[in-house]
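Visitor: I have a model open and would like to talk it through with someone. Could you take a few questions?
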Amino acid sequence: MKAIRRLTVRPVLPEPLRPLSELARNLRWSWHAETRDLFQSVDPECWAACGGDPVRLLGTVRPARLAELAEDRRFRRRLTAAVDDLDYYMTGRRWYQTQGESAGLPTAVAYFSPEFGITAALPQYSGGLGILAGDHLKAASDLGVPLIGVGLLYRHGYFRQTLSRDGWQQEHYPVLDPNELPLTLLEEPDGTPAQVALALPGGRELRARIRLAQVGRIPLLLLDSDVEENGAVERGVTDRLYGGGSEHRLLQEMLLGIGGVRAVRTYCRLTGHPEPEVFHTNEGHAGFLGLERIAELCDRGQEFDPALETVRAGTVFTTHTPVPAGIDRFDRELVARHFGPAAELPRIDVERILRLGMETYPGGEPNLFNMAVMGLRLAQRANGVSLLHGGVSREMFSGLWPGFDADEVPITSVTNGVHAPTWVAPEVFRLGARQIGVQRAEDALTVGGSDRWDSVADIPDQEIWELRRTLREQLVTEVRERLRTSWRQRGAGTAELGWIDDVLDPDVLTIGFARRVPSYKRLTLMLRDRDRLMELLLHPERPVQIVVAGKAHPADDGGKRLVQELVRFADDPRVRHRIVFLPDYGMAMAQKLYPGCDIWLNNPLRPLEACGTSGMKAALNGCLNLSVLDGWWDEWFQPDFGWAIPTADGSATDPEQRDAIEAAALYDLLEQRVTPRFYERGQSGLPDRWIEMVRRTLSLLGPKVLAGRMVREYVERLYAPAAQAHRALDPDTARGLAEWKARLRTAWPGVSVDHLETSAAPATAELGSTLGLRVRVRLGELAPEDVEVQAVSGRVDSEDRISDAAGVPLKPVGGPDTEGRWIYEGPLALDRTGPFGYTVRILPAHPLLASSAEPGLVATPAEEVVEAAGLLMR
């Protein structure tokens with residue numbers, strides 16, 4: 001029989017054990033080994049059956065066992081120590097609190113993301129974006145950064161993946177009961193649930209409760225629309241992550257952005273938490289948060305344009321996608337219907353809202369509302385997530401800054417990092433702690449700050465090799481258990497599965513490949529030449545084994561076909577002991593997979609991998625990377641600790657040929673360089689050269705790939721400047737800046753470079769000499785303090801384009817002439833050899849601009865001025 005209603009019956013913990021509930025509700029346990037060990041000791045079998053989830057454990061453990069533990073003095077001492085440690089962690093001074101007032105750090109930061117991967121016990125993530133967001137919160141907690149996380153609570157989460165008998169992906173959406181998750185309901189003083197509400201067309205409302213996950217020191221607010229006050233459509237808004245059609249997604253993103261700001265205000269009102277000075281939107285999904293903040297300021301009497309400037313100053317936008325197809329875009333009419341007098345934000349003119357997101361630039365589609373474009377227009381500071389991705393983003397969004405070279409587009413980069421305490425295997429941590437002590441090891445993994453972990457050099461080769469084999473052996477056990485479960489789900493009987501006992505070998509070189517399955521990640525590149533792959537898998541002296549996992553989006557049949565192709569190959573009895581596909585890739589699997597692999601394989605189409613943090617997690621466990629030079633690997637690759645797969649990305653190379661070339665390069669690397677190094681033995685009987693690569697991976701890559709390093713960069717390079725810019729914009733200053741920008745835009749058509757002459761213009765000149773420049777410009781209604789006249793110089797290519805450009809300001813000489821023209825002069829240093837060129841331009845200038853490119857205005861010499869001046873020297 002099927003239950004007609006479900007509810008959660010909570011156990012009554014004996015008084016001495018009440019603190020267990022507090023420990024279970026703070027997700028710090030997910031990265032704090034001592035707390036997890038404490039929970040495991042409550043009931044090891046129950047802990048395993050509950051998937052390492054303390055909330056489920058406490059709901060299922062036998063009352064007799066609880067009574068027994070309540071009398072166990074040793075357990076109570078451990079419990080007291082764990083509670084004291086958590087209290088110290090929550091209240092003590094950490095890195096952020098030591099920075100001093102001169103750093104200008106924000107009192108609080110609100111961090112918005114559509115998904116958060118904190119722990120498998122709270123499945124609110126689909127892939128890298130969510131895991132990154134979870135690692136961001138954890139690292140912020142370790143550093144003491146006063147962050148408030150904001151997201152949605154999806155009742156079905158992302159899907160669970162199984163396989164049919166023929167290897168086709170099956171999706172399942174289990175219902176998540178918030179009462180069985182490590183969440184608490186935010187309540188008003190009278191005990192009623194706190195809510196936010198959004199107005200919808202037709203007089204309807206979308207209401208959501210605020211559920212709180214405590215991530216160490218960081219509160220994570222998750223909005224839940226499955227409440228009785230909503231109609232059926234509104235209740236389903238937070239049903240699935242990345243599900244539904246356009247209107248469904250739009251409502252999710254309105255709830256995340258607008259409702260999220262209202263949830264932050266409610267949380268701060270109820271708890272006394274400082275109000276955020278900086279709002280950080282992780283991808284464009286939460287971009288509507290800027291509109292809500294503008295509306296708040298308009299309600300206080302500000303006009304739209306000054307409010308926009310104030311909001312921009314305190315907003316940081318991070319883009320994660322390297323392709324336009326990865327951005328949410330909505331039909332103009334759909335967005336218009338959900339805003340204005342008959343719906344949400346009625347006090348803001350709908351046209352003003354639409355202009356923030358419309359693709360009104362060359363190459364854009366003017367009828368589409370682009371969430372990333374809105375995010376960039378509403379944020380004074382923006383970044384990509386690796387050095388290479390920053391460049392890709394500047395190119396992709398350059399249409400928003402016409403007249404500027406792509407490398408001048410004001411999008412910087414902060415390379416992602418991963419939260420080491422979450423992803424480093426306990427065995428790896430213990431090895432490091434034996435060298436430098438537990439506290440120093442914890443600090444190295446959380447706060448970071450050093451360029452090298454030199455203490456790794458002191459670990460004996462034998463210990464490193466034994467550690468690697470132990471981790472590989474644990475992975476083999478995990479794989480066999482998961483493979484057996486998968487085959488039972490595919491319909492196989494127990495009698496058919498004896499072969500699984502021989503799957504994988506703890507002494508064989510193990511390659512891992514696990515990620516989402518969009519086409520650009522090329523899950524099946526390894527199958528390009530199946531004969532060569534079989535030879536690698538079955539080599540009599542130097543075999544390899546491969547563990548593969550990954551989910552295709554439910555609507556992506558092309559991705560599902562790739563999964564099926566890989567599964568069918570792995571089902572072949574000739575190789576199934578050497579290559580496996582594990583369904584339902586998630587955090588719990590990943591935490592076993594990264595440490596147990598010797599090689600982490602990544603072969604995307606360059607440059608479509610924004611960062612690719614899975615290889616970072618593997619590296620922290622001593623796994624070597626074998627990857628295309630994309631994302632973070634392009635930035636930090638060295639032959640000392642991995643291999644680079646050559647790319648065939650010439651414009652004349654068609655996709656089929658490119659895949660063939662790069663697959664052949666992958667096979668060559670494995671056959672000629674990777675496997676020989678793993679299997680060769682030195683005089684000690686150990687693979688000395690391989691162990692040295694592991695050592696260098698840990699010592700040189702380890703400090704770089706930390707989420708602590710990443711969050712410190714956000715704080716110092718983005719949050720602090722944003723907070724200072726926000727503080728500078730009181731209502732009068734914001735109004736003045738808005739009026740200046742309006743005057744600038746009106747007057748800019750009258751700005752021009754009229755004439756340029758040099759003191760000497762030889763065909764060649766000596767390095768270190770200077771040219772005197774004299775420029776005549778028109779400023780129209782603007783004054784010299786409104787602009788900067790620049791000489792821009794650098795090397796030139798065959799088409800006379802300046803690369804590595806450097807700008808030098810020129811100074812006005814005297815006042816305007818009778819026709820209102822100004823003379824600017826200055827020296828130009830010839831500081832580079834070879835073909836050299838220069839030009840001049842006029843840019844807006846204002847002390848409150850984060851970048852001179854910010855207004856998107858520039859004046860350059862007309863063609864006849866260029867021809868008269870002879871601006872190139874070779």
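Visitor: Leaving aside neighbours within four places in sequence, which residues is Tyr679 in contact with?
Guide: This is a predicted model, and in it Tyr679 is in contact with Asp507, Val508, Leu509, Glu541, Arg542 and Pro543, once its neighbours within four places in sequence are left aside.

Visitor: Where is Tyr679 found, and is it buried or exposed?
Guide: Tyr679 is found in helix α25, which covers residues 655-679, and with 18% relative accessibility it counts as buried, because the cut-off is under 20%.

Visitor: And how far is Tyr679 from Glu541, C-alpha to C-alpha?
Guide: Their C-alpha atoms are separated by 8.4 Å, although Tyr679 and Glu541 are 138 residues apart along the chain.

Visitor: Stepping back, how many helices and strands does the protein have?
Guide: The protein has 29 helices and 28 strands. Its radius of gyration is 29 Å, close to the 29 Å that the globule rule gives for 874 residues, so the protein is as compact as a globular protein of that length. Taken along the principal axes, the box filled by the C-alpha atoms is roughly 95 × 70 × 50 Å.

Visitor: What about the surface and the charges?
Guide: The accessible surface comes to about 35,400 Å², and 49% of that belongs to carbon and sulfur atoms. As for charges, there are 101 positive and 121 negative side chains, with the centres of the two sets 5 Å apart.

Visitor: Back to the inside, then. Which residues have the most contacts inside the largest nonpolar core?
Guide: Those are Met526, Ile599, Leu626, Trp643 and Trp690, in a core of 106 residues. Apart from that core lies another one, of 62 residues, and Val196, Ile210, Leu251 and Tyr267 are among them. In soluble globular proteins, nonpolar side chains tend to be buried together.

Visitor: What is Trp690 in contact with?
Guide: Leaving aside neighbours within four places in sequence, Trp690 is in contact with Trp465, Leu509, Asp598, Ile599, Leu624, Trp643, Val674, Arg677 and Phe678. Two of these, Ile599 and Trp643, are also listed with the most contacts inside the core.

Visitor: I also noticed Ser627; where is its place, and what does it touch?
Guide: Ser627 sits in strand β19, residues 624-628, and counts as buried at 2% relative accessibility. Not counting residues up to four places away in sequence, Ser627 touches Asn602, Trp633, Trp643, Ala644 and Ile645.

Visitor: Which residues other than glycine have a positive phi here?
Guide: Leu504 is one of them, with phi near 65°, and Arg522 is another, with phi near 55°. Leu504 lies in the loop between α19 and β15 (509-514) and is buried, with a relative accessible area of 3%. Arg522 is found in the loop between β15 and α20 (530-537), where it counts as buried at 6% relative accessibility.

Visitor: And what follows α17?
Guide: Gly437 follows α17, and its phi is positive, near 95°. In α17 itself, residues 426-436, the buried residues are Glu427, Val428, Leu431, Ala433 and Ile436, and the buried residues of α17 pack against α18 (438-446) and α19 (461-489).

Visitor: One last stop: where does Ile348 lie, and what is it in contact with?
Guide: Ile348 lies in the loop between α12 (332-337) and α13 (350-357), and it is buried, with a relative accessible area of 3%. Leaving aside neighbours within four places in sequence, Ile348 is in contact with Leu291, Ile294, Ala295, Phe304, Gly340 and Ile353. Ile348 and Glu303, 45 residues apart in sequence, are 9.8 Å apart in space, C-alpha to C-alpha.

Technical notes: Residues numbered from 1 in each chain as written. Predicted model: local features only at pLDDT ≥ 70, side-chain atom pairs only at ≥ 80, totals over all residues. Heavy atoms only, no water. Helix = DSSP H or I, 4+ residues; strand = E, 2+ residues; numbered from the N terminus. Buried < 20%, exposed > 50% of the residue type's maximum accessible area, 1.4 Å probe, protein only. Contact = heavy atoms within 4.5 Å. Rg over C-alpha atoms; globule rule 2.2 N^0.38 Å. Areas by Shrake-Rupley, 256 points an atom, 1.4 Å probe, with all protein chains shown as cover. Lys, Arg positive; Asp, Glu negative; His and termini not counted. Charge placed at Lys NZ, Arg CZ, Asp CG, Glu CD. Core = buried A, V, L, I, M, F, W, Y, C linked by side-chain atoms within 4.5 Å.
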